Amino acid sequence: MELEYKEHLSPMLKGDVKNYLIDIDGTITDDVPNEEPERMVTCEPFPDALATINKWYDEGHQICFFTSRTEDLREITETWLNKHGFKYHSVLLGKPRGGNYHWIDNHLVKATRYKGKFTDMVEKQVTIEVFRD
């Protein structure tokens, strides 16, 4: 991963490289709750998600699966991702459950709600909530 450093600031990815944080349950496969880990082993990936994510990886983007699954489900999760051929750099477990996320960060954050289809990204104007200037 190539980073660009500026004095006393957090590093940024170089060029047009994106740092994708991608949910698992309900986004790349069926929506399986933590309380049903046996289903995590048998669910199938969404084909468009697998193809698109692997394309992004091959283009040099960073792929991190960011999931509400708990640490005790790491082995099941990574085994499933590898079995189905997902290319990725990391897996972060323990995302807060419950949705309705509002991410606040000192870096630019773009969010895309999954609505049943993975495709290349397009630009679209939308209304967002921000801090007052």
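Which side chains meet in a salt bridge at 2.6 Å, N to O? Hi everyone, let's start there: the side chains are those of lysine 55 and aspartate 120. By salt bridge I mean a side-chain nitrogen of Lys or Arg within 4 Å of a carboxyl oxygen of Asp or Glu.

Before going on, some housekeeping. This is a predicted model, so local features need pLDDT of at least 70 and side-chain atom pairs count only at pLDDT 80 or more, while totals for chains, interfaces and linings use all residues. Residues are numbered from 1 along each chain as its sequence is written, and side-chain values use heavy atoms, with hydrogens and water left out.

Back to our pair. Lysine 55 sits in helix α2 (residues 47-58), and aspartate 120 lies in the segment after β5 (90-92), 65 residues apart, which links distant parts of the chain. Helices (H or I, at least four residues) and strands (E, at least two) are DSSP runs, numbered from the N terminus. Lysine 55 also meets glutamate 59 in a salt bridge, at 3.0 Å from N to O.

How accessible are these residues? Lysine 55 is partly exposed, with a relative accessible area of 33%. Aspartate 120 is partly exposed at 44%, and glutamate 59 is partly exposed at 46%. For the cut-offs, buried means under 20% relative accessible area, exposed over 50%, and partly exposed in between, using a 1.4 Å probe and protein chains only.

Next, helix α3. Here the side chains of glutamate 78 and arginine 74 form a salt bridge, 3.0 Å from N to O. The two are 4 residues apart in helix α3 (residues 74-83), so about one helical turn separates them. Glutamate 78 is partly exposed at 24%, and arginine 74 is partly exposed at 25%.
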